[in-house]
Amino acid sequence: MGVEIERKFLLAADGWRALGAPVLLRQGYLSSDPARVVRVRVEGEHACMTIKGQSVGATRGEWEYPISLADANELLERLCEQPIVEKYRRRIDFAGNTWEVDEFLGANEGLVLAEIELGAEDQQFDKPEWIGDDVTGDRRYYNSNLVRHPFSSW
């Protein structure tokens, strides 16, 4: 079984903006049920389908499979819950870890989150100065929830 251990943070400053190249991500959900999230994502010329299980703390099962770009675009348009989530992602290396900073677009514009994937829930890591509050357990910030409850409606 694949496992994802991920922590999610709000941002406290704009120092991240000068780091990393932004890449557009488009993703939609075939299922946004917290027990079984099924996501389709297009990132540049690559596409994948990801299945995620129920979160327990910062850990959950995760399985990811490449799919064709044509299939992904058709799924996003025809079968995924609407609206799809669009965001620019920057991957930023800091103190031996990679941070992914997502700047959301559309109905979620104004929301910026940083994520870090870890090898264990209790793994220690250094935070860049622009990292703010930990929102790992707050379901409002799950991408799958942003479809039905966009940031602009909070």
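Aspartate 102 is buried, with a relative accessibility of 1%, where buried denotes under 20% relative accessible area, exposed over 50% and partly exposed the range in between (1.4 Å probe, protein chains only). The model is predicted, so that local features require pLDDT of at least 70 and side-chain atom pairs count only at pLDDT 80 or more, whereas totals for chains, interfaces and linings use all residues. Residues are numbered from 1 along each chain as its sequence is written, and side-chain values rest on heavy atoms, with hydrogens and water left out.

Aspartate 102 forms a salt bridge with arginine 89, with 2.7 Å between the closest N and O atoms; a salt bridge is defined as a side-chain nitrogen of Lys or Arg within 4 Å of a carboxyl oxygen of Asp or Glu. This pair joins distant parts of the chain, with aspartate 102 in strand β7 (residues 97-104) and arginine 89 in strand β6, 13 residues apart. Helices (H or I, at least four residues) and strands (E, at least two) are DSSP runs numbered from the N terminus. Arginine 89 is likewise buried, at a relative accessible area of 3%.

Arginine 89 also forms a salt bridge with glutamate 115, where the closest N and O atoms are 4.0 Å apart. Here strand β6, which holds arginine 89, is linked to strand β8, which holds glutamate 115, across 26 residues. Glutamate 115 is buried, with a relative accessible area of 7%. A network of salt bridges links Lys8, Glu43, Lys87, Arg89, Arg91, Glu100, Asp102 and Glu115. The count of salt bridges comes to 19.

A further salt bridge is found between the side chains of glutamate 4 and lysine 52 (3.2 Å, N to O). Glutamate 4 lies in strand β1 and lysine 52 in strand β4, so placed that the pair links distant parts of the chain, 48 residues apart. Glutamate 4 is buried at 3% relative accessible area, and lysine 52 is buried at 8%.

The largest pocket holds about 510 Å³ of space. On a 1 Å grid over the protein atoms alone, a pocket is an open set of points where a 1.4 Å probe fits, with protein on both sides within 12 Å along at least five of seven lines, and lining residues have an atom within 4 Å of a point. Among the 31 residues that line the largest pocket, Glu4, Glu6, Arg39, Lys52 and Glu62 are the closest to its centre. The lining comprises 17 charged, eight polar and six nonpolar residues.

The largest nonpolar core contains 15 residues, of which Leu11, Trp16, Trp99, Val101, Ala114 and Trp130 touch the most other members. Such a core is a set of buried Ala, Val, Leu, Ile, Met, Phe, Trp, Tyr and Cys residues joined through side-chain atoms within 4.5 Å. Strands β1, β7 and β8 are the elements that give two or more residues to this core. A second, separate core of 10 residues includes Tyr29, Leu111, Leu113 and Val147.

Two features of the backbone lie in loops. The peptide bond from glutamine 82 to proline 83 is cis, with omega near 0 degrees, and proline 83 lies in the loop between α1 (69-78) and β6. Alanine 95, although not a glycine, has a positive phi of about 50 degrees; alanine 95 is placed in the loop between β6 and β7.

Terms used. Points joined across faces, edges and corners; volume = space filled by probe spheres on them. Nonpolar A, V, L, I, M, F, W, Y, C, P; charged D, E, K, R; others polar.
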